[in-house]
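I opened my notebook to look up a few things in this structure. My entries follow below.

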Amino acid sequence: MYFLSIVQQANIEQKIKDAPDGGYEIGILIGTYLPFAVLVVIAYIMYHKAKKK
C-alpha cells in the first residue's frame, strides 16, 4: 500500500510538472483528491446512519 502511494504521488507530481497551463494543474488536483473526498463523505453518512439506529 505504501509503495503504491509513493508511485502515485510521483506520477501526480510529474503530470503537474508537464502541465501546459494552470487550468490543467487544477484539473489534475481535483481529479486526484475528489474521489478521496467523496469516499470520506460516504463513510461519514454511513457512520451517521448506523449511529442513529
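What percentage of the 53 residues in the protein do buried residues make up? I found 6%, where buried means under 20% relative accessible area, exposed over 50% and partly exposed in between, with a 1.4 Å probe and protein chains only.

I noted that this is a predicted model, in which local features need pLDDT of at least 70, side-chain atom pairs count only at pLDDT 80 or more, and totals for chains, interfaces and linings use all residues. Residues are numbered from 1 along each chain as its sequence is written, and side-chain values use heavy atoms, with hydrogens and water left out.

I looked up the secondary structure and got 2 helices and 0 strands; these are DSSP runs numbered from the N terminus, helices being H or I with at least four residues and strands E with at least two.

Helix H2 covers residues 22–52. I read a kink of about 30 degrees at Tyr33, shortly before the proline Pro35; the bend is the angle between axes fitted to the seven residues ending there and the seven starting there.

I then checked Ile42, which is in H2. Ile42 counts as partly exposed because its relative accessibility is 42%.
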